[in-house]
Amino acid sequence: YSWLRSLMGRYQDFWSVTQEALAYTLNTLGRAPDAAFLSEMADAYNRLLPYPDAAQCLKDLAPLKLAILSNGAPGMLHRLVANAGITELLDEVISVDSKAVFKPHPRAYEMVEEALGVKPEHVLF
C-alpha cells in the first residue's frame, strides 16, 4: 500500500495505510473488519520488540551518528523506540511523514542529510 500510494502521489500516514491493509486482508478472508479489532491489530506495531542484541549493537556503533529512517508515522515511531528502550542510543528518529512520501522515493532519503548533516556517500543502512 505504501508503494502504491507513493507512485500515485496519494500519501496517507503509515498508521492509516496499515489499518487499510489489515481491513483488506480481513475482507479477503471473509471476516468483516470491526474498528476494535483493527485498532488492536494495528496497535501491535507499537509493541514490537527489537532483537536481543540490538541495543548492544547500537552502543558499539557509537560515536557514529545513529538514526532511524522509517515509513512509520511520528507517534508510532516514538512509541516503538521508547518501548524498545533505545531512545538514548539514537541521534534522530526520522519519519517520512514530513515529506509525505514513502521509501524508496528519493525525497525520503534526503531527510537523512537534512536531519544529520551527513552526505549520502557517508550513510550506511
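Is Leu-58 buried or exposed, and at what relative accessibility? Select Leu-58 and you have a buried residue, at 17% relative accessibility (buried is under 20% relative accessible area, exposed over 50%, partly exposed in between, with a 1.4 Å probe and protein chains only).

A word on the model before moving on. This is a predicted model, where local features need pLDDT of at least 70 and side-chain atom pairs count only at pLDDT 80 or more, while totals for chains, interfaces and linings use all residues. Residues are numbered from 1 along each chain as its sequence is written, and side-chain values use heavy atoms, with hydrogens and water left out.

**Stop one: around Leu-58.** Leu-58 sits in helix α4 (residues 54-61); helices are DSSP runs of H or I with at least four residues, strands runs of E with at least two, numbered from the N terminus. Show Leu-66, Ile-86, Leu-89 and Leu-90: Leu-58 touches these, leaving aside residues up to four places away in sequence (contact means heavy atoms within 4.5 Å). Between the C-alpha atoms of Leu-58 and Ile-86 there are 8.4 Å, with 28 residues separating them along the chain.

**Stop two: α5.** Now pick Met-76, Leu-77, Leu-80 and Val-81, which are buried in α5. Looking down the axis of α5, its buried residues fall within an arc of 125°, so they line one face of the helix; the arc is taken from the directions from the helix axis to the C-beta atoms. They pack against α2 (14-28), β1 and β2 (92-95).

**Stop three: Asn-71.** Finish in the loop between β1 (67-70) and α5 (74-84), where Asn-71 is found. A polar atom of the Asn-71 side chain lies 2.8 Å from the backbone nitrogen of Lys-103.

Methods. Polar contact = N/O pair within 3.5 Å; in protein donor to acceptor, adjacent residues only side chain to side chain.
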